[in-house]
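The stops below are given in the order in which to select them.

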Amino acid sequence: MSHNRSKSSVLQWLVVTFGFLALALAFSARATLGLVMPIWEQELGWSRSFVSGSAATALLVMATVAPFAGHFIDRHGVRLTLALGLFLVGVGCLIVSSTSNAIIFLIAFSAISATGYGIVATHIVSTAVARLFDRNRGLATGIATSGATGGQFLIVPLIAVVLTTFSWRWSFLAIGIGCLALIPILWWTLTEKGDSAIAPSDCEPTPSIWVDVSAVIRKPAFHILFWSFLLCGFTTAGVIETHLLPYASFCGFGPVPSATAYGVLSAVNMLGMIGAGWLADRMNRIVLLGSIYLLRGVTFIVLINVGADYEMLVVFALMFGAVDYATVPVTASLVASHLGLRVMGLSMGMISAGHSLGAAAGAFSGGYIFDLTMGYDWVWITSIVLAVGAGCIVFLLKNNPQDATVREAGH
């Protein structure tokens, strides 16, 4: 019995480890797009609007893929799901590294890799970890999903070194090889027995998905959380993940110092997620989430004033990192209490789709505004307004965490 428990514990933490590594590679591949954007402008003649549009398209693909990816892990387990996602990300990166054709780039990054990004995602890793852990579930989930931010602390600066030493093609080649190399290790290590442990248990019949969707969208709390998270996507995955590195280049900073600042942001981001989750259990979550959005608006004021001051860029990275993905655990906690645990997966999927739509708008409009004004000031001013707006929307939420539970029980 003790031997079986030990093997189960090893399996659990292997899933955490591979979840961390897979997210680190996938999110670093997305970040590399911003790192090479200025180089593509000069070398290939691709406008910032075109590259930003490809990023926006990728985000739309991710939003479409996300619910199907969740269904796929329910049916086939974490091993096949992560292997498929890594394969698509890896193949897409290899194609990008070998082409100068805009159409082929769009197919590779905004279709093939984007489908992989939608599969190698935080909601997939969270599902796998949550179903394996009874004790220390929050800690394990936090460590696994922190690969989305913490992993970039090391990988993105390394990619910048490769880019500076060799070329942008080697940067995508390195990530592609990394993704494909992880697949056989993951496949050999995570056995089918592990997948059977992750498979959902039998439960009572539930209403159809369309009945649940209809019930969720009738709740005011859903619209508050959906629209605030949509604006969240614009100000994070949209303008910062896509345009911070090009903005740093625009300010005169080289690839390595720019990527280092981005790495600092990612490291603080990981700590911000853990800290916000810890605070969500100990204070008014509406005040916490609204305050995070308002503080995020303040950080963009710092970003506008970076100029040629690298220290100011690092200050922004430290400040923004603390309030970047910090909204995720607090929003998830509010979804659980205000919309109900039974439909939490569906609710989070719908709200996360809103985040991706907002991110797509931010990624595209950032490039469009830059091409129109030859600067980023209006991008950051817009972000200030939207971040403050998201905070104000959150403060409309009623502090009635038992309502969803009561209504669900009545259902």
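Select Val388 to begin: its relative accessibility is 32%, so Val388 counts as partly exposed (buried is under 20% relative accessible area, exposed over 50%, partly exposed in between, with a 1.4 Å probe and protein chains only). The model is predicted: local features need pLDDT of at least 70, side-chain atom pairs count only at pLDDT 80 or more, and totals for chains, interfaces and linings use all residues. Residues are numbered from 1 along each chain as its sequence is written, and side-chain values use heavy atoms, with hydrogens and water left out.

Helices here are DSSP runs of H or I, at least four residues, numbered from the N terminus. The end C-alpha atoms of H16 are 26 Å apart, which agrees with the 26 Å that its 18 residues should span at 1.5 Å a residue; the expected span is 1.5 Å times one less than the number of residues.

Now color the buried residues of H16: Val379, Trp380, Ser383, Ile384, Ala387, Ala390, Gly391 and Val394. They cover an arc of only 145° around the axis, so they lie on the same side of H16; the arc is that of the directions from the helix axis to the C-beta atoms. Trp378 and Val385, on the other side of H16, are exposed.

Next, show the surface and select Trp278, Leu279, Met283, Val287, Leu294, Val388 and Phe395, a nonpolar patch with about 560 Å² of accessible area together. Patch members have over 30% relative accessible area and no salt bridge, and nonpolar side chains (Val, Leu, Ile, Met, Phe, Trp, Tyr) are joined within 5 Å. Areas come from the Shrake-Rupley method with a 1.4 Å probe, and a salt bridge is a side-chain nitrogen of Lys or Arg within 4 Å of a carboxyl oxygen of Asp or Glu. Helices H11 (255-280) and H12 (285-304) each supply at least two residues of the patch.

Go to the loop between H15 (344-373) and H16 and pick Met374. Met374 has a positive phi of about 55° although it is not a glycine, and at 55% relative accessibility it counts as exposed.

Finish with H10, residues 220-250. Of its 31 residues, 26 are buried, so H10 is largely enclosed by the rest of the structure. Center on His243, where H10 bends by about 50°, with Pro246 following within four residues. That bend is the angle between axes fitted to the seven residues ending there and the seven starting there. Just after H10, Gly252 takes a positive phi of about 105°.

Note on methods: Patch = residues over 30% accessible without salt bridge, like charges linked within 9 Å, V, L, I, M, F, W, Y side chains within 5 Å.
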